[in-house]
Amino acid sequence: MSNYVVYVKVKPFIGQWLNFHFGDPIAFPSQSVENATIRRFLAKMPAGMQPLSKQDDEVSICIPDSKQKPVITYNYLGERAKACLIDTIEDTFRIQLWKDLNDLHDCGCSILKAIDAWCENNGISIEYDYTIKMRYQRMRRSYLKNGVDLRNKTHNHDDN
């Protein structure tokens, strides 16, 4: 990873999740879709433009090294490129959220308690538990509304 970073504004709970799993500054795995997105949209700093400084509501993301686009020359992401990166990050977050929470109906406790535990295990303040619960329920409901039931209905019972 290089010492060059870009700053992006994400939802606070996603920023906490990113820092918990990928550090601060955030360094995505080398073969990740996030790094592929960064490399795809990296550009040279526009003439006359100075590097921006980090704002309070932004996260720092390391720019990956690349033979095709050396970070010393290519170290700028425009606003639309940042929007693409944010979409990619949010997709990864949603995938983990769905994967981890899909079995909640089998855990024996309320959904909110299970989400609190999920937040704790992913470095997210439980002040966002209701927000994450609503996100999960909206995802599930949107599929169910179209006749697609993705809930895990198998149980691991011991037949002995």
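**Exercise 1. Find how many salt bridges this predicted model holds, and work out what the one between Glu 90 and Lys 11 joins.**

*Solution.* Start with the total: the count comes to seven salt bridges. Next, pick out the pair. The side chains of Glu 90 and Lys 11 approach to 2.9 Å, N to O, and a salt bridge requires such atoms to be within 4 Å. Now place each residue. Glu 90 sits in helix α3, while Lys 11 belongs to the loop between β1 and α1 (12–22), so this pair ties together parts that are 79 residues apart in sequence. Finally, check the surroundings. Glu 90 is buried, at 11% relative accessible area, whereas Lys 11 is partly exposed at 35%.

**Exercise 2. Follow the salt bridges onward from Glu 90 and name the residues of the network.**

*Solution.* Glu 90 also forms a salt bridge with Arg 135, where the closest N and O atoms are 3.4 Å apart. Arg 135 lies in helix α5 and Glu 90 in helix α3, so here the parts tied together are 45 residues apart in sequence. Both of these residues are buried.

Then look along helix α3. Asp 91 and Arg 94 meet in a salt bridge of 2.5 Å, N to O. These two are three residues apart in helix α3, which means about one helical turn separates them. Asp 91 is partly exposed, with a relative accessible area of 38%, and Arg 94 is partly exposed as well, with 29%.

**Exercise 3. Describe the largest pocket and its lining.**

*Solution.* Begin with the volume: the largest pocket holds about 300 Å³ of space. Of its 17 lining residues, those closest to the centre are Val 5, Met 45, Pro 51, Leu 52 and Asn 75. Then sort the lining by type: ten residues are nonpolar, four polar and three charged. Last, ask which elements contribute. β1 (5–9), β4 (74–76) and α3 (79–101) each supply at least two residues, and β1 gives the most, with three.

Notes:
Residues numbered from 1 in each chain as written. Predicted model: local features only at pLDDT ≥ 70, side-chain atom pairs only at ≥ 80, totals over all residues. Heavy atoms only, no water. 1 Å grid on protein atoms, 1.4 Å probe; cavity = no way out; pocket = protein on both sides within 12 Å on 5 of 7 lines; lining within 4 Å. Points joined across faces, edges and corners; volume = space filled by probe spheres on them. Helix = DSSP H or I, 4+ residues; strand = E, 2+ residues; numbered from the N terminus. Nonpolar A, V, L, I, M, F, W, Y, C, P; charged D, E, K, R; others polar. Buried < 20%, exposed > 50% of the residue type's maximum accessible area, 1.4 Å probe, protein only.
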